[in-house]
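Here are some notes to read alongside the model, for anyone opening it for the first time. Have the viewer ready and follow the points in order.

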Amino acid sequence: MEQLWAIAITIIAASTPLLIAAIGELVSERSGVLNLGVEGMMIMGAVAGFGATYLTGSSAVGIFASMLAGAGMAMLFGFLTLTLLANQVATGLAITLLGIGLSALIGENFVGKQIERLPNFHGIDILIIFSFVLVGLVSWFLFRTRYGLMVRAVGDSHTSAHSMGFSVVGLRYACVAFGGACAGLAGGYLSIADTPQWVENMTAGRGWIALALVVFATWLPKRVVLGAYLFGTISILAFVVQTMGLNVPPQLLSCTPYLVTIVALVLISRNKRVLRANTPACLGQAFVADR
Amino acid sequence: MPLRLEKRAERSSTMALVSPLIAIALTLIFGAAVFASRGVDPWHGLYVYFVEPLTDEWAREKMIVKATPLILMGAGLALAYRANVWNIGAAGQLQIGALFTGLIPVYFSNWQDPSVMPAMLLMGVIGGILWALIPAYLKVRFNANEILTSLMMVYIADLVFDWLVRGPMRDPQGHNFPKTVNFVGWQTLPHWGDIHLGALFALVVALGLGFMTYRMLKGFELLTLGSAPRAGRFAGFSAQRAIYFCFALSGGLAGLAGASDVMGVSHQLQTPYSTPAYGFVAIIVAFLGRLNPIGAIFSGLLLALTFLGGEAAQTSLHIPDKIAKVFQGVLLFFVLACDTLVYYRVKWESRK
């Protein structure tokens, strides 16, 4: 029983950052903005969260700092793609490259430092609970509120939304900032709650996996929970199998999350009907108001 | 909002040339600010970072060596991005290319005649192509997003490489170091000082792709599919063939970059292997070169300089060499931001 609980906790810990980052990106994509910079925002959140906790000694400040760092990177993305109308794919890559470099530079002084881990009850901390609350809130917001309807309208047809008097760019800025704050928080979870330390490149592709999860969930918040936990479970089970003495090279077992991502993408994407029904129609397109 | 964009009637060709220069200038200003914030005199910092490496013969050679894989990959990616095919896994394709190249010296160490050199280079190209065709196939057959799949393949390539070089391909007489046997004789590329034959490949490839892009039907086909997919389809161009072509081309060139790196520089495979990271920098090379394969020659050299500058900053200014990554990221940012000037006029409006 003890052992099963330990495994369950590691699965939750592996799934939570994916869940938080993916739900944020989902909102951003619902408004029609494809932000490929999740990995970059996440790693900035990780370094900011660790740094702030280390300097102030308060993990609450750390959590706030990680969200701020993610949102800051997202605003940079927003300025380029929404105001200057730069290509979203290229700008997302730029955010990721910049985030990885900047976090390595900022984090140089934090390597090997220790902080107090986020308090938890039998392994369950506040962020894990918050991740579920977040999914509920996002789901309610998108499908039960006026603003949520506006966000979806902007994502599905920005020209009609504009002619109805909605501020397309304003709403998109808000959604992108929210996505960034979530990605930052997911990074902060890694460096404050999961493994309380800073390691360069510690997100190790989780931001990209979160992006794939949004597709896998076909842009529906509740399915993101399913996807994130499926993912966390499979990647942890790969390691459990290893401890049972199966003779497989550890490197190949470490491939599991990436392979699962590819398989999941293939399974969902091959069904074009499902994909077309939920994909925001204006995803990735720049919007210029024609007055 | 005070800033408003007005679409130009046609793209400004002056701005197309000037905008990368503005981006570089802005990056230098940013650099000066970073140096100042670290207590280094900005002029001195910029001089040490961007000028001093060029004054030294040895460093100039180093720059060309570092630019070689960047140009090879950047030129291929430029064409792929033009066709709206987003291969961002060049890093993995380079690594698998290097791995395939290494199979010959590891398993046929006695193969020592002039034919082994082209055979190894070809192996590298094949490795890169095979690795790149996986996301291409998944895209064409299952409609899976190629950005995500090609990126996932980077992580997988790194782990497979690590496993093989630590395990089956390790040098049995290597005192347990995670590396293969040394490549010797014909298994290495001829070199002049530090510069190896790969530099020539890079030059020829970039010029050749430039010619193909602007003077051959294939180039026209890819540009059309990229900028106006519907028009391309009416013209009878196949988008699926273009995906395969672009992935094979950019993957093959990444494989060639890997092959020439291990045959010309390290003369062995070792893990961890640092060159694959250039696969991501090559994305910046492609954009800074305005997605023109010939432009990749200049942008490749500039990005190579940022690596050298980072090392110089570490030794003489005591600033961590991570600063190179920051400059590279910021440069891409400014390049993308300045691209706006090519298609739009920026107007400032006073608030009403």
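1. Let's start with one residue. Setting aside neighbours within four places in sequence, B:V48 is in contact with B:A312, B:A313, B:S316 and B:L317; contact here means that the C-beta atoms, placed from the backbone, lie within 7 Å. B:V48 sits in helix α2 (residues 42-51) of chain B. Helices (H or I, at least four residues) and strands (E, at least two) are DSSP runs, numbered from the N terminus.

2. A word on what you're looking at: this is a predicted model, where local features need pLDDT of at least 70 and side-chain atom pairs count only at pLDDT 80 or more, while totals for chains, interfaces and linings use all residues. Residues are numbered from 1 along each chain as its sequence is written, and chains are lettered from A and ligands numbered from 1 in the order in which they are written.

3. Is B:V48 buried or exposed? B:V48 is buried, as 20 other C-beta atoms lie within 10 Å. The cut-offs are 20 or more such atoms for buried, 12 or fewer for exposed, and partly exposed in between, with C-beta atoms placed from the backbone. For a sense of distance, B:L249 is 201 residues from B:V48 along the chain, and their C-alpha atoms are 37 Å apart.

4. Now try the strands of chain B. β1(B) and β4(B) run antiparallel and are joined by five bridges; strands pair if DSSP finds at least two bridges between them. One of the pairs is B:K7 with B:Y344 in β4(B).

5. Where do the two chains meet? The contact takes 40 residues from chain A and 39 residues from chain B. On the chain B side, α13(B) gives the most, with 12 residues. By class, that side has 27 nonpolar, seven polar and five charged residues. Ala, Val, Leu, Ile, Met, Phe, Trp, Tyr, Cys and Pro count as nonpolar, Asp, Glu, Lys and Arg as charged, and the others, Gly among them, as polar.

6. Over in chain A, there are 13 helices and two strands. Of its 291 residues, 54% count as buried. Helix α4 (residues 88-107) of chain A is largely enclosed by the rest of the structure, because 18 of its 20 residues are buried.

7. Last, the outline: the C-alpha trace of chain A spans about 60 × 45 × 30 Å along its principal axes.

Conventions: Contact = placed C-beta atoms within 7 Å.
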